[in-house]
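Keep the structure open as you read.

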Amino acid sequence: LMDATDKHAVPNLLPLRDLNWFGRLVKEDGTSIQIPLYPAEHSEKNVKLSCNINTDGTIEGTMVANLSNINAMAFREKFETLTEEEQRTKIESDFTNFEIEQLRINNLDNNYKNVQELVKFNAINQVDLINDKIYFSPLLFLTESESPFKLDERNFPVDFATPWLEEYRLSIKIPQGYTVESVPEEMAIGLSSDLGSFIIKTEVKEDKIEVIYQAKMNKAVIPSTLYPELKKQYEMAIAKQHEKIVISPTIP
């Protein structure tokens, strides 16, 4: 499959406007068959973040994001005509109290490679300082604020347009003189028929906190019969994101 009218398209990667369930292949003898238009491969967003938390509550670090397939296509459409300053402003607007010190974007003009963002950043107001203890969410500024699914019932399928995978790996350095008091319990939940899953895991390794969060949908379209389950699991995953890691001063 190919849409030659879109400069960001590549073979077997159609733009979102084309993804209308099925196409039809008409053969020379007049017969025809349906052709599924949805991509078979996951569109991925993989983020690696390494940062230091300072005792005044500020955060500084680096973040590398890799985007594939439709995610990369959508990024190119939004960013290719922007100046570097406009790109910086647009990325900063996706997060709260987040400032980019350095930015590099690789493969913006190469449709056959993943888009890669490399960001050096600092952020404020990402932690709570209470009675000498520091409280913060495992995903910091990457935490989702709320579930996109508000309705109690749904009569139509949930159309994600593509199977997708989002994975965040964070390495958070504990400030000197502090120890980890508590972290959220691990969570792993899955939709029926292996349609999707949510995983979050937090581990303490020496002077660092390692966090892995993965959300995955294996089908582009989730039937309405599974909407209550999907809604509940989204809510559980986001609630887990909002649980706090607690670090406290080391007792002499």
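Start in helix α2, residues 84-92, which holds both arginine 88 and glutamate 84. They sit four residues apart, about one turn of the helix. Helices here are DSSP runs of H or I of at least four residues, strands are E runs of at least two, and both are numbered from the N terminus. The two side chains meet in a salt bridge, at 3.6 Å from N to O. That term means a side-chain nitrogen of Lys or Arg within 4 Å of a carboxyl oxygen of Asp or Glu. Arginine 88 counts as buried because its relative accessible area is 15%. Glutamate 84 is partly exposed, at 48%. The cut-offs are under 20% for buried and over 50% for exposed, with partly exposed in between (1.4 Å probe, protein chains only).

A word on the model. It is predicted: local features need pLDDT of at least 70, side-chain atom pairs count only at pLDDT 80 or more, and totals for chains, interfaces and linings use all residues. Residues are numbered from 1 along each chain as its sequence is written, and side-chain values use heavy atoms, leaving out hydrogens and water.

The structure holds 13 salt bridges. Another one joins aspartate 207 to lysine 173, with the closest N and O atoms 3.3 Å apart. This pair links distant parts of the chain, 34 residues apart. Aspartate 207 lies in the loop between β13 and β14, and lysine 173 in strand β10 (residues 164-173). Aspartate 207 is partly exposed at 33%, and lysine 173 is partly exposed at 34%.

Now turn to lysine 240. Its side chain meets that of glutamate 243 in a salt bridge of 3.2 Å, N to O. Lysine 240 is buried, at 11% relative accessibility. Glutamate 243 is partly exposed, at 33%. Elsewhere, Asp3, Asp6 and Arg17 are linked in a network of salt bridges.

Next, backbone angles. Most residues other than glycine have a negative phi. Glutamate 206 has a positive one, near 55°. Its place is the loop between β13 and β14 (208-217), and it counts as exposed because its relative accessibility is 78%. Serine 193 also has a positive phi, near 60°. This serine lies in the loop between β12 (187-190) and β13 (196-205). At 66% relative accessibility, serine 193 is exposed.

Finish with aspartate 56. This residue is in the loop between β3 (43-53) and β4 (59-67).
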